[in-house]
Amino acid sequence: MAEEKKPKKLNPKRTAVQEQDPALRRRNFEEVSLGYSAEEAVLEASRCLGCRNKPCVAGCPVSVPIPEFIAAMVSGDFAEAYRIIRSANVLPAVCGRVCPQENQCEGACTLGKKHEPVAIGRLERFCADWRMKNGARAVPEPAAPTGMKVAVVGSGPSGITCAYDLARLGHKVTMLEALHEPGGVLFYGIPEFRLPKKIVTAEIDTLRQMGVQIMTNAVAGKIITLEEIMGRFDACFIGVGAGLPRFMGIPGEDLNGVYSANEFLTRTNLMRGYLFPEYDTPIRTGKRVAVIGGGNVAMDSARTAMRLGADEVTLVYRRSEAELPARAEEVHHGKEEGLRFEMCTLPTKIIGEDGWVKAIECVRMELCEMDQSGRRRPNPMAGSEFEIPVDTVIMAIGTGANPLLTGTATGLVLNRGYIQADPETGKTSIPGVYAGGDIVTGAATVISAMGAGRKAARAIHEYLSSMKR
Amino acid sequence: MHKILEKKLLRPPDVFFYKVSAPQVAAKAKAGQFVIIRLHEKGERIPLSLAGIDPAGGTISLIVMAVGKTTGEMAALKEGDEIRDVCGPLGNPTHTENAGRVILAGGGFGIAPLYPIGKAFREAGSRVVSVMGARSKSLLIYEKEMRDISDKVLITTDDGSAGMKGIITDALKGELESCGADTVMAVGPAPMMKAVCEATRPFGVKTIVSLNAIMIDGTGMCGGCRVRIGDKTKFACIDGPDFDGHLVDWDGLINRQKMYKAEEKESFEAWKKRHNLS
């Protein structure tokens with residue numbers, strides 16, 4: 001007879017995770033969170049109630065079988081836990097680190113109603129890291145070659161997922177990447193301290209080992225048009241992201257010292273500007289930096305500026321802290337690292353001297369009635385103008401659709417620059433052409449782009465199978 | 001990896017010509033477009049105008065003046081060496097249709113990218129007049145090439161050692177007064193292009209310029225190359241590089257080109273020191 005287990009007393013708090021000391025990490029690019037130890041991971045996993053209705057799974061854009069993988073962890077079988085996650089999620093090491101879990105799996109966790117929810121993201125990360133440290137990485141055996149060729153345009157989260165699924169099904173996948181390094185936003189956008197690049201590189205290597213051919217420096221729309229792609233391939237997935245930076249349209253945005261977040265992060269991450277002059281690409285922060293915006297990109301920019309040596313970094317956001325769209329953990333970490341928060345504040349002008357930024361002029365906002373987004377609408381308060389002296393301004397107020405590929409694709413139906421695609425299949429107006437991720441939805445999350453890549457892969461597989469018949 | 005098939009010193013001591021293997025780029029590139037290159041793993045991405053396109057041979061030509069670390073490293077490369085990344089073609093081709101009588105104004109090594117542009121104008125049926133300026137005869141490049149694609153060539157040198165003594169805008173104004181033009185196209189350093197635009201403005205002649213802004217990706221992603229054109233902000237990489245020169249905010253562009261002057265100097269000095277160069 002199996003030994004009867006005594007019901008354990010449930011810890012209302014999640015198991016703490018080791019992190020780099022804020023005083024140190026604010027000046028280095030090493031990862032902030034050190035991740036769970038095996039003991040901590042099992043301890044946290046044992047908090048899962050294993051509920052029948054699995055609200056966490058419903059909260060996950062790619063439906064990872066969460067209670068199942070956590071159960072495997074409780075019994076100490078990390079390899080099995082990893083296998084379960086990987087069956088639904090191609091990039092667990094990435095998602096465990098960058099998903100907004102509080103709005104997804106953890107936000108839906110039953111335990112969260114009364115206590116702190118199970119730290120699902122940290123558990124996912126643990127399994128992925130454990131797998132990377134222990135033994136060879138799992139490279140799935142692709143199915144027998146189908147003889148079908150698919151082009152995947154863009155090597156970010158949606159493209160990686162789509163390519164992975166298609167390669168596994170035996171299709172010959174060629175991936176086109178505009179930059180010299182594959183990975184898309186995972187490489188140029190998300191900083192090293194939040195997502196070490198070696199993780200991204202490892203995932204890309206897995207694709208290569210599965211036979212996916214990756215062409216870098218290949219700007220679709222320039223080196224090859226969509227029409228030419230469809231002449232050479234049986235199907236195409238477009239996951240080029242929404243990469244065009246927006247500016248506010250206020251005076252002074254062309255002064256030296258004003259960056260788009262895209263430029264600031266690309267110089268730092270892709271070009272390794274933080275290692276200048278060992279690496280050739282320079283980046284400037286000066287002593288005082290203002291970051292405009294409140295999303296993850298704004299937080300990444302602000303915390304990067306801190307690590308590049310700025311004395312004072314101020315996040316300027318037009319709504320209140322409660323409305324900050326950034327991941328809660330990033331806001332928390334940013335505060336620990338000494339970021340200043342100027343909430344309910346809107347820049348109206350960038351003031352320059354001899355061609356360089358000197359200050360930003362701002363106005364205070366009051367939050368009024370709810371708007372369409374369900375958030376309170378900010379309105380400027382008359383007479384509240386004030387200046388913040390700064391050397392650098394980083395605009396992190398969102399991005400738009402890049403026209404390079406879509407502008408040359410005749411017959412591809414667009415909606416304000418974004419590709420019109422079926423949300424369930426990614427099907428576009430051109431037969432055999434599928435799209436997903438930010439180029440369809442506008443700027444969103446890594447995991448939702450991955451979900452779109454997966455759905456499109458399924459639809460492309462069906463399309464190719466029907467062609468064969 | 002892209003092999004350097006040919007390299008020569010075009011103008012002593014520091015202007016070099018390179019013929020680089022890049023079949024896919026050459027197959028697609030049109031006059032007026034550019035590439036972004038990165039020499040090695042730690043290198044920066046720099047935009048370079050195309051000074052020649054050979055689709056049949058699968059090559060592109062680049063002209064580089066060694067003025068900083070990256071261009072200095074490039075000057076040290078030899079035939080047979082490889083360039084790690086060549087990305088392109090980027091930017092929009094120059095509009096060469098229905099241009100009528102065209103004056104090409106080239107300053108410094110900006111003359112080189114005018115060669116494929118002039119060739120394209122000629123092939124589209126334009127009459128091409130090339131106005132080339134340099135400080136003295138020995139600094140003039142691409143004279144033979146420009147003669148090949150021009151109906152008329154005017155040369156100015158500051159010291160009068162070749163052509164007429166004076167600066168390029170003198171010859172340009174004279175040509176506009178005597179023969180007129182439908183289009184002027186200027187390529188060169190920003191102050192030179194600005195001067196050309198000021199010279200053509202009173203004549204009311206359409207003046208196209210090719211802007212050389214600081215860029216990283218060249219695909220519209222970073223916005224570093226933004227420039228005011230009239231009352232709009234444009235990205236030189238995807239909206240340009242060609243713009244109506246009379247609408248360009250030249251002072252803004254020239255200011256932005258100086259953004260990394262201190263860092264560029266630091267990087268160049270450190271590199272020279274490492275290699276015992278003065």
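Author: Contact here means heavy atoms within 4.5 Å. The model is predicted. By that cut-off, 45 residues of chain B are in contact with 43 residues of chain A. The area buried between chain B and chain A is about 3,700 Å², and carbon and sulfur atoms give 54% of it. Three residues, Lys42(B), Met221(B) and Met259(B), supply 19% of the area that chain B buries against chain A, more than any other three residues.

The polar side of the interface can be counted as well. The rule finds five salt bridges across the interface of chain B and chain A. In one salt bridge, the side chain of Lys28(B) meets that of Glu228(A), with 2.4 Å from N to O. Polar contact joins 22 residue pairs across the interface of chain B and chain A, with both residues of a pair at pLDDT 80 or more.

Several elements of chain B give two or more residues to the side that touches chain A. On the helical part these are helix 1 (23–28), helix 2 (69–76), helix 8 (250–257) and helix 9 (261–274) of chain B. The strands are strand 8 (85–90), strand 15 (226–229) and strand 16 (232–235) of chain B. Strand 8 of chain B gives the largest share of this side, six residues. By residue class, the side of chain B that touches chain A divides into 14 nonpolar, 15 polar and 16 charged residues.

As for the chain that carries this surface, chain B has nine helices and 17 strands. The C-alpha atoms of chain B fill a box of roughly 55 × 40 × 40 Å along the principal axes. A compact globule of 278 residues would have a radius of gyration near 19 Å, and the 18 Å of chain B agrees with this. Of the 278 residues in chain B, 58% are buried. Among contacts in chain B between residues at least 6 apart in sequence, 64% join residues at least 24 apart.

Val433(A) lies in strand 18 (residues 433–435) of chain A. Val433(A) has a relative accessible area of 1%, so it is buried, the cut-off being under 20%. Leaving aside neighbours within four places in sequence, Val433(A) is in contact with residues including Leu226(A), Met230(A), Cys236(A) and Leu412(A). Val433(A) and Ile229(A) are 204 residues apart in sequence, yet 9.8 Å apart in space, C-alpha to C-alpha.

Note on methods:
Residues numbered from 1 in each chain as written. Chains lettered and ligands numbered in written order. Predicted model: local features only at pLDDT ≥ 70, side-chain atom pairs only at ≥ 80, totals over all residues. Heavy atoms only, no water. Buried area = accessible area lost by both parts, 1.4 Å probe. Salt bridge = Lys/Arg side-chain N within 4 Å of Asp/Glu carboxyl O. Polar contact = N/O pair within 3.5 Å; in protein donor to acceptor, adjacent residues only side chain to side chain. Helix = DSSP H or I, 4+ residues; strand = E, 2+ residues; numbered from the N terminus. Nonpolar A, V, L, I, M, F, W, Y, C, P; charged D, E, K, R; others polar. Rg over C-alpha atoms; globule rule 2.2 N^0.38 Å. Buried < 20%, exposed > 50% of the residue type's maximum accessible area, 1.4 Å probe, protein only.
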